[in-house]
Amino acid sequence: MAINPFAEFSLERAIGLRWTLRDIQAGRLKLSPASDEDLHVLAELGLIELHDDEPGLTEAGAAVLSD
C-alpha cells in the first residue's frame, strides 16, 4: 500500500492538491492557474519540480496520480 502524501491535510485540501497535480499533468494551468501556495506545497512534498517557472510532475507525482 502506498503512503498518502496528502494524509496531513483536510479532505478538501487533499482533493484540491490532487486536482492541481492533474491540471499540471494535462497542461491546463493556462486555463486554470494554480496558486503559488499549492505549487509550494506540492514542491515540498516532492511531487512537482519547477523548470523555467513551469511546474512538471516528478516520478512521485506521477505515481500519486496512477494510484
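Which residues does phenylalanine 6 touch, not counting residues up to four places away in sequence? In this model phenylalanine 6 touches Ala14, Leu17, Arg18, Leu21, Leu42, Leu45, Leu47 and Val64, where contact means heavy atoms within 4.5 Å.

Before going on, a word about the basis of this talk. This is a predicted model, in which local features need pLDDT of at least 70 and side-chain atom pairs count only at pLDDT 80 or more, while totals for chains, interfaces and linings use all residues. Residues are numbered from 1 along each chain as its sequence is written, and side-chain values use heavy atoms, with hydrogens and water left out.

Let me begin with the core. Phe6 belongs to the largest nonpolar core, which has 13 residues, and Phe6, Leu21, Ile24, Leu42, Leu47 and Ile48 are the ones that touch the most other members. A nonpolar core here is a set of buried Ala, Val, Leu, Ile, Met, Phe, Trp, Tyr and Cys residues joined through side-chain atoms within 4.5 Å; buried means under 20% relative accessible area, exposed means over 50%, and partly exposed lies in between, with a 1.4 Å probe and protein chains only. At least two residues of this core come from each of α1 (11–26), α2 (36–44) and α3 (59–66), and α1 gives the most, with four residues. Helices (H or I, at least four residues) and strands (E, at least two) are DSSP runs, numbered from the N terminus.

Leucine 47, another of those core residues, lies in the loop between α2 and β1. Leucine 47 counts as buried because its relative accessible area is 2%. Leaving out residues up to four places away in sequence, leucine 47 touches Pro5, Phe6, Leu21, Leu42, Gly56, Leu57, Thr58, Ala60, Gly61 and Val64. From leucine 47 to alanine 63 there are 16 residues in sequence and 8.9 Å in space, C-alpha to C-alpha.

Now to the helix α1 itself. It has 16 residues and reaches 23 Å from its first C-alpha to its last, close to the 22 Å expected at 1.5 Å a residue, the expected span being 1.5 Å times one less than the number of residues. The buried residues in α1 are Ala14, Leu17, Thr20, Leu21, Asp23 and Ile24, and they pack against α2, β1 (48–51), β2 (54–57) and α3. As a general point, an α-helix has 3.6 residues a turn, so residues three or four places apart point the same way.

Threonine 20, in helix α1, counts as buried because its relative accessible area is 7%, and, leaving aside neighbours within four places in sequence, threonine 20 is in contact with Ala34, Asp38 and Leu42.

After α1 comes glycine 27, whose phi is positive, near 70°. Glycine 27 sits in the loop between α1 and α2 and counts as exposed because its relative accessible area is 57%. Its C-alpha atom and that of isoleucine 15, twelve residues apart along the chain, are separated by 18 Å.

Let me finish with two residues in the loop between β1 and β2. Aspartate 52 is found in that loop, and its phi is near 55°, a positive value in a residue other than glycine. Aspartate 52 counts as exposed because its relative accessibility is 76%. Aspartate 53 is found in the loop between β1 and β2 as well, with a positive phi of about 65° although it is not a glycine, and aspartate 53 counts as exposed because its relative accessibility is 71%.
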